[in-house]
Amino acid sequence: MTATMTPTSGDVLRQWRKARRLSQLELSVAAGVSQRHLSFLETGRSAPSREMVIHLATILDVPLRDRNRWLAAAGYAAIYTERGLDEPAMNQVRHVLELLLDAHQPFPAYVVDRAWNLVMTNPPAVALIGMMVTPDKAALFEGNIMRLFMHPDGMREHVVNWDSAAAALMRRLERELTERPGDTALTSLLDEVRAYPGVDQLPDRPKLPSGSDLLVPLHVRTPVGEMRLLTTIATIGAPFDVTLEELRLETLLPADPETESILRSLAVSAPWQG
């Protein structure tokens, strides 16, 4: 039985430098560190201080979760907190997110974590998903919006432009994994989704970010009529908290007057409006 080698601080540094496509010289210039010292840090001939780990991680734009892992590999304690949204310390944050979701009504909005799991939704989002996916099927996807959208038993049959929208979402997922190399949750999700029927036949996706990454058109059929929406994702972000850095707010906006009228009519008749 082969033991798994624990990565050293030098291993982590090399991984992130290569992930960001930087040479030792380029990183040394950006960080204000000699190339010789950087080489010593990668090979383990020199041990980094905690401040050096944080400095290099900042230059390399390493996510907070991975900064904690890098610190551990270098022999230091984690400095970035990771708390659940249901913890008392997060009451204020949760309240702000609730205000944002409520303010977006009557249009759908929800919050997802780094692995695309739904963590908060507003009632219009629940209603929209419910018109396309039955509760028993939704339960199979464990509240994961990527599975809900990409799987044949999910929302796919109701999405008129599924090919183009799915291609945009796949590129977004692939880019997120590129930005977070080694993220096992994202890797597992990407492998699973790629195995779904039809996903390997999606249109080619551009390698560089484009306008389609900001606003993804979505044309869906529902029992109350066809709707055309624009979806956009905003990061929550926080410089010292892992949970908040990984949360994203996705909002759906009507792309035409007919869709806006449908959503506003649903809000008037919906039970959450009293």
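**Entry 1: helices H1 and H3**

I began with helix H1 (residues 9-19) and helix H3 (residues 35-43) in this predicted model. Their axes come within 6 Å and cross at roughly 120 degrees. I then listed the residues that make the contact. H1 contributes Gly10, Asp11, Leu13, Arg14 and Arg17, while H3 contributes Leu38, Leu41, Glu42 and Thr43. Sorted by class, the contact of H1 with H3 has three nonpolar, two polar and four charged residues.

**Entry 2: helix H4**

Next I asked which residues of helix H4 (residues 50-59) are buried. I found Met52, Val53, Leu56 and Ala57. These residues lie on the same side of H4, because they cover an arc of only 130 degrees around the axis. I also looked up what the buried residues of H4 pack against, and the partners are H1, helix H2 (24-31), H3 and helix H5 (64-73). After H4 comes Asp61, whose phi is positive, near 55 degrees.

**Entry 3: the sheet**

I turned to the strands. Five of them form an open sheet in the order E2-E1-E5-E4-E3, with antiparallel pairing. Strand E2 (118-121) and strand E3 (216-222) stand at the edges; each has a single partner strand, so one side of each is left without a neighbour in the sheet. From one strand to the next, the twist averages 30 degrees.

I examined one pair in detail. E3 and strand E4 (residues 225-235) pair in the antiparallel sense over seven bridges. For Arg221, the bridge partner in E4 is Glu226.

H7 touches strand E1 (109-112), E2, E3, E4 and strand E5 (248-254), and the direction of H7 makes about 115 degrees with that of E2. Helix H14 (residues 257-269) touches E4 and E5, and the direction of H14 makes about 85 degrees with that of E4.

**Entry 4: Pro124 in H7**

I looked at one residue of helix H7 (residues 123-130), namely Pro124. Is Pro124 buried or exposed? Its relative accessibility is 5%, so Pro124 counts as buried. Pro124 and Pro108 are 16 residues apart in sequence, and their C-alpha atoms are 4.7 Å apart in space.

**Entry 5: the nonpolar cores**

I then looked up the largest nonpolar core, which has 42 residues. Those with the most contacts inside this core are Trp116, Met146, Phe149, Met150, Trp162, Leu202 and Leu218. The elements that give two or more residues to the core are E1, H7, helix H9 (145-150), helix H10 (162-179), helix H11 (184-194), E3, E4 and H14. H10 supplies the largest share of this core, nine residues.

Not counting residues up to four places away in sequence, Phe149 touches Met155, Arg156, Val159, Trp162, Ala165, Ala166, Leu169 and Leu218.

**Entry 6: backbone angles**

Most residues other than glycine have a negative phi, and most peptide bonds are trans. I therefore recorded some exceptions in this model.

The peptide bond from Gln105 to Pro106 is cis, with omega near 15 degrees. Pro106 is in the loop between helix H6 (91-104) and E1.

Trp116 has a positive phi, near 70 degrees, and sits in the loop between E1 and E2. Trp116 counts as buried because its relative accessible area is 1%, under the 20% cut-off.

Glu142 also has a positive phi, about 50 degrees, although it is not a glycine. Glu142 is found in the loop between helix H8 (135-140) and H9. Its relative accessibility is 63%, over the 50% cut-off, so Glu142 counts as exposed.

**Entry 7: Glu246**

Last, I looked up a charged residue, Glu246, found in helix H13 (residues 242-246). Its relative accessible area is 7%, so Glu246 is buried. What is Glu246 in contact with, leaving aside its neighbours within four places in sequence? I listed Arg65, Val112, Asp113, Arg114 and Arg180.

How values were computed. Residues are numbered from 1 along each chain as its sequence is written. This is a predicted model: local features need pLDDT of at least 70, side-chain atom pairs count only at pLDDT 80 or more; totals for chains, interfaces and linings use all residues. Side-chain values use heavy atoms; hydrogens and water are left out. Axes are lines fitted to C-alpha atoms, for helices over the stretch in contact, and angles run from 0 to 180 degrees between N-to-C directions. Helices (H or I, at least four residues) and strands (E, at least two) are DSSP runs, numbered from the N terminus. Contact means heavy atoms within 4.5 Å. Buried means under 20% relative accessible area, exposed over 50%, partly exposed in between (1.4 Å probe, protein chains only). The arc is that of the directions from the helix axis to the C-beta atoms. Two strands pair if DSSP finds at least two bridges between them. A nonpolar core is a set of buried Ala, Val, Leu, Ile, Met, Phe, Trp, Tyr and Cys residues joined through side-chain atoms within 4.5 Å.
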